[in-house]
Amino acid sequence: MKLVTFERDGSAHLGGLLDANRLLDLKRAAQDASASPLMFESMLALIDAGDAGLDAVRRMAASAKAGQCDDAIGPVSAVKLLAPIPRSRKNVFCVGRNYVEHVNEGYRASGTAIKLPEYPQFFTKPPTAVIAHGDAIPRHAGLTDKLDYEIELALIIGRGGCDIAEDKAFDHIFGYTILNDVTARDLQRRHDQWFKGKGLNGTCPMGPSVVLQADIPDAQSLDVELRVNGEVRQTSNTRHMIFSIPRIISELSRGLTLEPGDIIATGTPSGVGYAMDPPKLLSSGDVVSCRIESIGILENRVV
């Protein structure tokens, strides 16, 4: 079952998608099942609950599919999906330049010699950048003339830790979602670092759902694709990462404690707008669709 955060009556609720059309309100289902509703106040509360929370989710999903919990089931079309974690506790961790062809296209666009990174290159996006599937990406006209897109597989930490070994990394993952690392390329160059150009309001679309770690047999073998107005711009597979998911978690956690609910974006493949010949950057009205196998489609319009 895919997990979502949705809005009803002006407040956020935690839900599970029983299929493409039906949504299970987990807090309401917990009350019907005489389970503690506190674990289902939010995605972060569920993550904090650990295995007990996930076990309860699976039991309620089974009950719902068996025809129970009917008063907790409604149509997906009747609610607005929010970002899975509408406001993260900390900045979103991101990895730059993690696909070989993306590194190569960047060097070609700048006319400099190609050199692959020896270690993961980390930066962050603030919680104020996060928006949901269907929300508008602000064009930020007058501030940037070079707004770009970057599809990324993002993982959510379930069990925290410091100095996490690579062979234990998957044990620390709660689940996976889709993230679009929208970037103002001119600000990125102007400030000679990545935070400002990647941290503007509304430049971190995320969602629409979270797929649990146990439900994706091999996160290192997922097809990814990004389209702008229906035109394929990026297409690759997570197997082409320079630094694997376990390596990213291990390197990031060296001397730095990862905590439940932390979000890590794992890098983007080639096909970004600024590196195309001629460049194809985002304009008002453009619709950006990000698809990752087994997770879904994250779609936003530039306004």
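How many bridges join β1 to strand β5 (residues 80-82), and do these strands run parallel or antiparallel? Three bridges join them, and the strands run antiparallel. This is a predicted model in which local features need pLDDT of at least 70 and side-chain atom pairs count only at pLDDT 80 or more, while totals for chains, interfaces and linings use all residues. Residues are numbered from 1 along each chain as its sequence is written, and side-chain values use heavy atoms, with hydrogens and water left out.

**Strands** (DSSP E runs of at least two residues; helices are H or I runs of at least four, both numbered from the N terminus; two strands pair if DSSP finds at least two bridges between them)
- Strand β1 (residues 2-8) is joined to strand β2 (residues 11-17) by seven bridges, and the two run antiparallel.
- β1 and β2 form a hairpin with two residues between them, and D9 in the turn has a positive phi of about 55 degrees.
- R8 stands opposite S11 in β2, and E7 stands opposite K80 in β5.

**Cysteines**
- The count of disulfides (cysteine sulfur pairs within 2.5 Å) is zero.
- C94 is in no disulfide, and the nearest cysteine sulfur, that of C204, is 6.2 Å away.
- C94 is buried (under 20% relative accessible area; exposed is over 50%, partly exposed in between; 1.4 Å probe, protein chains only), at 0%.
- C204 is also buried, with a relative accessible area of 0%.

**S253**
- S253 lies in the loop between α7 (245-252) and β17 (263-265) and is buried at 0% relative accessibility.
- Its side chain reaches the backbone oxygen of S250 at 3.2 Å.
- Leaving out residues up to four places away in sequence, S253 touches (heavy atoms within 4.5 Å) G161, C162, D163, I164 and L258.

Terms used
A polar contact is a pair of N or O atoms within 3.5 Å; within protein, one must be able to donate a hydrogen and the other to accept it, and residues adjacent in sequence count only if both atoms are side-chain atoms.
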